[in-house]
Amino acid sequence: YLKISKLALAFAIIHSKPPGRSCKEYTEHLAKTVSEQDFGWKLKVEALEAEVLRLRQELLLNKICPRFCLENDASAETLLDQECINPMSYSSQLEDSGCDVSNDCAFDSLGIASDFHQSEHNVDTSKRWLERVPALNLCCTSKEESLTAPVQFLQCLLEIRKLSEGGILQADFTEFENDSFTVCKSVSQLLDGLTIFYNNPKFPVSNFLTEAVCVLISLITDRKLSNHVLKKCFKKLEEFKKNLIQIILRNSSVNRFQALHAVSHTLVLLGRNIILRNSLISLLLSEVRQFAEQLLQAYQIQAMYDITQYENIFLLCMILEQLLQNETEDSNVSSSDYDGEEKIKFLKNLDQIILHLSDEFPLFSLYLWRVSVLLNSAQIQ
């Protein structure tokens, strides 16, 4: 049947081809026309899928809290006006020197403190952003604006959660737990949008992209919402962390330090979550160990090594050191989750690696030693 169909199509093309054109040229023309039509249909399908997701988001919000009805209109209006925050300002500018000139204060606007040493409890109590729930405007025309839908949806969830916890709104979050597709799809869109931005960042960073990071961090640190999100979206979050690590390692642009600082800052913020912290430590241990082994091998045979990756590996070491330091300072968190294969591999023959690299690469050897000290101190505690 397939052979007969192909033969019939060939005869149809031969009989219908215009004069002055060969069969090959006419076939290529028809193929191009069909492919353009397929591309147009794909765009229409994507637009319809986005519209379906938008409607599902609105429906879920309406089920959780129908029209955001306030129990006490007067008191609610007063509280909302008092708690309403000002738009975030982020005016960092990329300098030609390549130096890090980022403004960490941008992460504080929604209560996400830039101090990496602050505990999870302080982060939760410092968030005071009960602004009026906006109407969903989910139309998008660019890759950056494609973040609008998931950010607004998740922001509405967080605001309803905060208002319901304070007794201002009546909300039923069992609907949130039941509709896993809408939640996972929204989180997935947010993570994909952030990955696109970090792969090709533009400075100064827009307020909306900074807000997107804050919404993500707020979502995974919320006591009631995070368990469901982590359970359904853990693989996607793991993929997101791996992508950020590779973005740090691969970036070879001259003025890359501000962009890499933003990525590393996001990784450390993600590492505040206990579940994500343990898996992130394992990923970082694996990357640093593999690079140390490759560098030792290149040094022993006097071969070339990737200088760009050598420069960028220090960011991973600093992130790893920060997470391990937070781990040892937090007495309520056990380090047993990452005391497995990756830690054993990292510490195995580490002394020999440091000994051979210390003369030629003293700074990197020092970082390896500092990480090993933190790993051992966590085990002692």
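Biologist: Where does Arg256 lie?

Modeller: Arg256 lies in the loop between α9 (226-250) and α10 (257-270). Helices (H or I, at least four residues) and strands (E, at least two) are DSSP runs, numbered from the N terminus. This is a predicted model, in which local features need pLDDT of at least 70 and side-chain atom pairs count only at pLDDT 80 or more, while totals for chains, interfaces and linings use all residues. Residues are numbered from 1 along each chain as its sequence is written, and side-chain values use heavy atoms, with hydrogens and water left out.

Biologist: Is Arg256 buried or exposed?

Modeller: Buried means under 20% relative accessible area, exposed over 50%, and partly exposed in between (1.4 Å probe, protein chains only). Arg256 has a relative accessible area of 5%, so Arg256 is buried. Leaving aside residues up to four places away in sequence, Arg256 touches Asn251, Thr308, Glu311 and Asn312; contact means heavy atoms within 4.5 Å.

Biologist: How many helices and strands does the protein have?

Modeller: There are 15 helices and 0 strands. Of the 381 residues in the protein, 44% are buried. Among contacts between residues at least 6 apart in sequence, 78% join residues at least 24 apart.

Biologist: How do the axes of α9 and α11 cross?

Modeller: Two packed helices are described by the angle between their axes and the distance between the axes. The axes of α9 and α11 come within 11 Å and cross at roughly 35 degrees. Axes are lines fitted to C-alpha atoms, for helices over the stretch in contact, with angles from 0 to 180 degrees between N-to-C directions. From α9, the contact uses residues including Leu230, Phe234, Leu237 and Ile245, and from α11, residues including Ile275, Leu276, Leu280 and Leu283. By class, the contact has 10 nonpolar, 2 polar and 4 charged residues. Here Ala, Val, Leu, Ile, Met, Phe, Trp, Tyr, Cys and Pro count as nonpolar, Asp, Glu, Lys and Arg as charged, and the others, Gly among them, as polar.

Biologist: How many aromatic pairs does a search of the whole structure find?

Modeller: The search finds 11 aromatic pairs. Rings of Phe, Tyr and Trp (its six-membered ring) pair if their centres lie within 6.5 Å; planes under 30 degrees apart count as stacked, over 60 as edge-to-face and the rest as tilted. One of the pairs is Phe291 with Tyr310, which is tilted, at 6.3 Å centre to centre and 35 degrees between the planes.

Biologist: Which helices hold Phe291 and Tyr310?

Modeller: Phe291 lies in α11 (residues 274-300) and Tyr310 in α12 (residues 307-329), so the pair ties together parts that are 19 residues apart in sequence. Phe291 is buried at 4%, and Tyr310 is buried at 15%. Tyr310 also pairs with Tyr305, edge-to-face, at 6.0 Å centre to centre and 70 degrees between the planes. Tyr305 is partly exposed, at 32% relative accessibility. These residues belong to one aromatic cluster made of Phe291, Tyr299, Tyr305, Tyr310, Phe314, Phe361, Phe364 and Tyr367.

Biologist: What is the phi of Gln302?

Modeller: Most residues other than glycine have a negative phi. Gln302 has a positive phi, near 55 degrees. Gln302 is in the loop between α11 and α12 and is exposed, at 66% relative accessibility. Asn349 has a positive phi too, near 60 degrees, and is in the loop between α13 (341-347) and α14 (350-357).
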